[in-house]
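Work through the exercises below with the coordinates open. Each task is followed by its solution, step by step.

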Protein chains: 4
Amino acid sequence: MTKYETKLRVQYYETDAMGIVHHSNYIRFFETARTEFFRSRGYSYDAMEKAGVWMPVHSVTADFKAPAVYDEEILVACWIEKLKGASIELGYEVRGAETGELYTKGTSSHGFTTADLKPIRLKKEAPDIYNVLKAAMD
Amino acid sequence: MTKYETKLRVQYYETDAMGIVHHSNYIRFFETARTEFFRSRGYSYDAMEKAGVWMPVHSVTADFKAPAVYDEEILVACWIEKLKGASIELGYEVRGAETGELYTKGTSSHGFTTADLKPIRLKKEAPDIYNVLKAAMD
Amino acid sequence: MTKYETKLRVQYYETDAMGIVHHSNYIRFFETARTEFFRSRGYSYDAMEKAGVWMPVHSVTADFKAPAVYDEEILVACWIEKLKGASIELGYEVRGAETGELYTKGTSSHGFTTADLKPIRLKKEAPDIYNVLKAAMD
Amino acid sequence: MTKYETKLRVQYYETDAMGIVHHSNYIRFFETARTEFFRSRGYSYDAMEKAGVWMPVHSVTADFKAPAVYDEEILVACWIEKLKGASIELGYEVRGAETGELYTKGTSSHGFTTADLKPIRLKKEAPDIYNVLKAAMD
């Protein structure tokens, strides 16, 4: 299983009055990591949308283990947990870049749809993308 | 089980290029609803912190059913799913204020801690707050 | 000159590691206040867009005098500084709701445009809206 | 005058329903660029704070010329406009990384203070930092 890592630096506007990253921002880090993971496989969101494939978020989960702090570099790993005909499940881990300490674990699930959000079977409608994603699971 | 509802209006800066509320913002709506629910019971976060009780987020989940759009009023219901000695689980539902349509369901779990994040048993350390939360479950 | 006030409560996710509202959020408070000001005059953004009028932001300024803190209620005043044929300038003041202390002053300027951002002369293209805004300056 | 450039990629959560970057986010891009500019000179915010120097934002301005869109790379230039004994003024330009088109121009002004926000004269209290910033103006 390939885990693709994106390095981010915590911004001041992402912290809160507890002096740590506000928990809602990890959901945004997941999105960035997911985008870069797909880009690394040749499918930026633009490329997917040009191929007629949208990927709306159906659900997210996040478990907060330890807090990231201002200006620290973090590594956000993203990988494919499950690839089904019409949906996909992704996993995430956010770690401190220096220490490797696990800060947050999470998941997201997505449907494959047309631009107007009608579900499609990826394998049938866009086999190229399906195969690239399948290969990314090895 | 008491469900406390907070009415919010979707702001332009909360939408994204799909023309709907960005999914990460529902996690923020949950926080607002949780705060107002506690305030309605006499315990604003300030009051809790003055009583020596912090409530860091351990985990969140969100299921996105249908999108809220710009300028629409939404109702965010919040209630207590489980109250244990040292932790609490909350449930959320976000609905369109006009139609009642369910947009998002979610949960959050929290520990009770001191200011420096040492776990405490709420029932023992702050029985007043424990009893108020217990009563809010009826 | 009418100043329309919108009351907001500072959210946790709007604070930063200094324990105060992150300065970028005042620009968002301005937007909320501007929207409510227009709504109070009978022109929500939806109503304006239905009338064929868009109002993209050309510039903003903000002077930060004193910080708002978590959970505090703030009053954001908004008024029309200048109304020209094809543009409008708005003023803003953010104050503590309890003390009246001035936290932030600001301005924004906007053009009037069609949906595809072609400049229009409001007075000519939508005299109803122009007159309502003109009246709001008294 | 040295202009230090930071490359950023526009995130989905930074766009709004107009399909472009929400204007408030440019204020955040300025902050990131300012931080990286200082880091490039050997003074991360942490390093400055360790030296006893804080730099609260006194004011910001932004002029929006053209919109950045989702997933596009942008270059945010930051430079010192004025360095006075107790304050600093910075300039910013946001451009499309590919085309060089100017999207947004801006400024920010900051005081130099202690941790509890008492103004200090940088030249006297932290001559090392003052000299580094002075040199960055050439």
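A polar contact is a pair of N or O atoms within 3.5 Å; within protein, one must be able to donate a hydrogen and the other to accept it, and residues adjacent in sequence count only if both atoms are side-chain atoms. This is a predicted model: local features need pLDDT of at least 70, side-chain atom pairs count only at pLDDT 80 or more, and totals for chains, interfaces and linings use all residues. Residues are numbered from 1 along each chain as its sequence is written, chains are lettered from A and ligands numbered from 1 in the order in which they are written, and side-chain values use heavy atoms, with hydrogens and water left out.

**Exercise 1. Describe the interface of chain B and chain C.**

Step 1. Count the polar contacts. Between chain B and chain C there are six residue pairs in polar contact, both residues at pLDDT 80 or more.

Step 2. Find the main contributor on chain B. Helix α1 (residues 24-40) of chain B gives the most to the side touching chain C, six residues. Helices (H or I, at least four residues) and strands (E, at least two) are DSSP runs, numbered from the N terminus.

Step 3. Sort that side by class. It has seven charged, four polar and four nonpolar residues. Here Ala, Val, Leu, Ile, Met, Phe, Trp, Tyr, Cys and Pro count as nonpolar, Asp, Glu, Lys and Arg as charged, and the others, Gly among them, as polar.

Step 4. Count the salt bridges (a side-chain nitrogen of Lys or Arg within 4 Å of a carboxyl oxygen of Asp or Glu). Chain B and chain C share four. One of them joins B:Asp71 to C:Arg39, with the closest N and O atoms 2.8 Å apart.

Step 5. Size the interface. Contact (heavy atoms within 4.5 Å) takes 15 residues from chain B and 15 residues from chain C. Buried area is the accessible area (1.4 Å probe) that two parts lose on being put together, summed over both. For chain B and chain C it is about 1500 Å², with 41% from carbon and sulfur atoms.

**Exercise 2. Which residues line the largest cavity?**

Step 1. Set the rule. On a 1 Å grid over the protein atoms alone, a cavity is a set of points where a 1.4 Å probe fits but cannot get out; lining residues have an atom within 4 Å of a point. Grid points are joined across faces, edges and corners, and a volume is the space filled by probe spheres set on the points.

Step 2. Count and size. There are four cavities of 30 Å³ or more. The largest has a volume of about 80 Å³.

Step 3. List the lining. It consists of A:Tyr13, A:Glu14, A:Asn25, A:Arg28, B:Arg28, D:Tyr13, D:Glu14, D:Asn25 and D:Arg28.

Note on methods:
1 Å grid on protein atoms, 1.4 Å probe; cavity = no way out; pocket = protein on both sides within 12 Å on 5 of 7 lines; lining within 4 Å.
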